[in-house]
Amino acid sequence: MTLIELHHICKTYHMGDISVPVLKDISLEVSSGELVALMGASGSGKSTLMNILGCLDRPSSGRYLLEGREVSSLSADQQAHLRNRKFGFVFQNFNLLPRTSALENVAMPLTYTRDHLSPRDARVRASEMLRRLGLEDRMDYEPSKLSGGQQQRVAIARALINHPPIIFADEPTGNLDSQTSDEVLNIFQQLNDKEGVTIIIVTHDAHVARHTRKVIHIRDGAILESQIKT
């Protein structure tokens with residue numbers, strides 16, 4: 001089933017009288033359950049594309065359909081509601097609250113969910129998610145007391161806490177050593193294989209892209225090619 005469709009997406013930033021085109025006529029499809037890499041060098045437009053896919057930014061023109069519904073023209077509140085229900089985000093710099101425990105970091109998105117969980121139920125769900133990721137003995141640790149790999153696992157747990165069908169990961173291994181990077185990438189592969197989560201990884205690293213099943217190459221704001229592995 002086609003989950004994401006982009007049709008002729010363009011994005012231009014305006015700085016005074018200067019117009020800077022970042023995305024140029026992007027069209028692509030992502031099916032439900034795919035594990036995809038958006039691959040390109042720094043400045044290629046891949047992070048801008050992820051921000052549009054994740055409803056963190058709007059295209060200047062073109063159409064973005066999610067499950068057949070046009071979403072780029074939704075109001076800010078509607079897009080926020082959509083993000084909370086459909087998307088989880090993992091970033092290179094982890095984006096964890098520094099003086100907050102791993103458990104509280106993971107439980108934080110539940111504050112905005114429509115499930116209206118009690119504080120106790122939110123902590124139970126967050127602790128279960130951390131256990132799944134092998135952090136049962138680190139729940140009360142603040143980020144500064146955790147290794148980079150452990151912080152990224154906390155970030156992944158936080159992204160998964162609302163059970164979103166789509167995860168966006170922007171250079172998720174950029175601050176990790178090679179062994180820890182492979183551990184994080186294996187987590188994504190397991191989520192994709194066993195739970196059918198659609199995962200889109202933004203990366204400049206060919207090694208990261210090799211862990212995915214579809215690679216979309218971007219250069220200078222345009223798609224060069226898409227490769228599907230058999």
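Asp 170 contacts Ser 47, Met 50, Val 90, Phe 91, Gln 92 and Val 202, neighbours within four places in sequence being left aside; contact means heavy atoms within 4.5 Å. The model is predicted, with local features requiring pLDDT of at least 70 and side-chain atom pairs pLDDT 80 or more, while totals for chains, interfaces and linings use all residues. Numbering runs from 1 along each chain as its sequence is written, and side-chain values use heavy atoms, without hydrogens or water.

Asp 170 lies in strand E7, residues 166-170 (strands are DSSP runs of at least two residues, helices H or I runs of at least four, numbered from the N terminus). Asp 170 is buried (under 20% relative accessible area, 1.4 Å probe, protein chains only; exposed is over 50%, partly exposed in between). Asp 170 has no salt bridge (a side-chain nitrogen of Lys or Arg within 4 Å of a carboxyl oxygen of Asp or Glu). Lys 46, the nearest side chain of opposite charge, is 6.5 Å away.

The largest nonpolar core holds 36 residues (buried Ala, Val, Leu, Ile, Met, Phe, Trp, Tyr and Cys joined through side-chain atoms within 4.5 Å). Leu 130, Ile 156 and Phe 188 have the most contacts inside this core. Helix H5 (148-160) is among the elements giving two or more residues; H5 gives the most, with 6. A second, separate core has 29 residues, including Leu 38 and Leu 49.

The whole structure has 0 disulfides (cysteine sulfur pairs within 2.5 Å). Cys 10 is in no disulfide, because the nearest cysteine sulfur, in Cys 55, is 18 Å away, too far for a bond. Cys 10 is partly exposed at 23% relative accessibility, whereas Cys 55 is buried at 2%.

Technical notes
Lys, Arg positive; Asp, Glu negative; His and termini not counted.
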